[in-house]
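Here are some exercises to work through with the model open beside you. Try each task before you read its solution.

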Amino acid sequence: MSTINPPKALLLDVFGTLVDWRHTVSHTLHQQAASALNSPKSASLPPAVRLFASTISWPDFAQEWRDTYKAFTKANSAPLSPCAQGKQAFKTVDQHHRDSLVRLLADHNLTGLWDADELYSISRIWHYLDPWSDSSIALHDLGRAFVLCTLSNGNVSLLRDLTAHAELPIPNLLSSEHFGAYKPNPLVYNGAAEHLGLRAEQCALVAAHLSDLKAAKECGFQTIYLERVDEEDWTADEVAQARREGWVDMWIGLDDHRTHELGGLCEVRARFQMNAGYTPGGASGKWESASGSGFVLR
């Protein structure tokens, strides 16, 4: 990726890339369980439910819940067949989160801990995840240089709530819901570029998951890897192989803080050496090194 010919748009994965789902979900589950166990109606809970709710690891439960999401989106990455269209509705991530929460509670002998209204509310934790510390501040600046757009498996209403809650200044919200299939289906990446009126090579996907970036690269996207704690599903050997192969155009590791203590998206911003007044394709912007000559990102 060269700053002489940067992408026009940054398409942003959301879960794990821009927001810290693990802390928010784990904390909320713990709080809601404590509230249920200390409420007057807790006297009617079966002793086994009270015991399991008191001893379960809610961070582990949160990870299981997240894993069901990964399995769901992978299994549903293909679009509905022509025969199924009109007969079978596209199942959203919101619907999956509600259904999988019920199943997980049953698997852990926790059925009855929360009533139907509480279950619905808890299943919407994913609408109100807190951002990584670098996300909002960097996006404010990046938005002056690039078209910013989500490209997430989260449904549109979820993304609308999430970007508002986390104060992420992303004006364009694209979801797999728009394309009737989940990432890594090429329909999602190709459809996003078409929606923005851009060629694939004019788009860069920013994500904390190499599988997502690999699929985008195969569609012609530029790729920016934003390593986040415990987000990568690939093994250490697979990660190392991806780095050797060089198909990731910009690689931001956990310890990459060359110019900003927050790292992450702030490091992306720094590597682009943005001028505050830059507008893609406009005469006011420059992509250059301190010496005035173009340079290639490493």
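**Exercise 1. Find the salt bridges that Glu231 forms, and say which parts of the chain they link.**

Step 1. Glu231 forms a salt bridge with Arg66, with the closest N and O atoms 3.8 Å apart. A salt bridge here is a side-chain nitrogen of Lys or Arg within 4 Å of a carboxyl oxygen of Asp or Glu.

Step 2. Before going on, note that this is a predicted model, where local features need pLDDT of at least 70 and side-chain atom pairs count only at pLDDT 80 or more, while totals for chains, interfaces and linings use all residues. Residues are numbered from 1 along each chain as its sequence is written, and side-chain values use heavy atoms, with hydrogens and water left out.

Step 3. Glu231 also forms a salt bridge with Arg22, where the closest N and O atoms are 3.7 Å apart. This pair links distant parts of the chain: Arg22 belongs to helix H1, whereas Glu231 sits in the loop between strand S5 (222-226) and helix H10 (236-245), 209 residues apart. Helices (H or I, at least four residues) and strands (E, at least two) are DSSP runs, numbered from the N terminus.

Step 4. Now look at accessibility. Glu231 counts as buried at 3% relative accessibility, and Arg66 is buried with a relative accessible area of 4%. Buried means under 20% relative accessible area, exposed over 50%, and partly exposed in between (1.4 Å probe, protein chains only).

**Exercise 2. Are Asp161 and Arg124 buried or partly exposed, and what joins their side chains?**

Step 1. A salt bridge joins the side chains of Asp161 and Arg124 (3.5 Å, N to O). Asp161 lies in helix H7 (residues 156-165) and Arg124 in the loop between H5 and helix H6 (135-142), so the pair ties together parts that are 37 residues apart in sequence.

Step 2. Asp161 is partly exposed, at 23% relative accessible area. Arg124 is partly exposed too, at 21%.

Step 3. To finish the topic, a search of the whole structure gives 16 salt bridges. Asp13, Lys183 and Asp212 are linked in a network of them.

**Exercise 3. Which residues of helix H5 are buried, and what covers them?**

Step 1. H5 spans residues 116-123, and Leu119, Ile122 and Ser123 are buried in this helix. Seen down the axis of H5, these buried residues fall within an arc of 100°, so they line one face of the helix. The arc is that of the directions from the helix axis to the C-beta atoms.

**Exercise 4. In what order do the six strands form the open sheet?**

Step 1. The order is S3-S2-S1-S4-S5-S6, with parallel pairing. Two strands pair if DSSP finds at least two bridges between them.

Step 2. Strand S3 (172-175) and strand S6 (250-252) are the edge strands, each pairing on one side only.

Step 3. Follow S2 to its partners. Strand S1 (residues 9-12) pairs with S2 over four bridges, and four bridges also join S2 to S3. Cys149 in S2 stands opposite Leu11 and opposite Asn172 in S3.

Step 4. Five of the six residues of S2 are buried, so this strand is largely enclosed by the rest of the structure.
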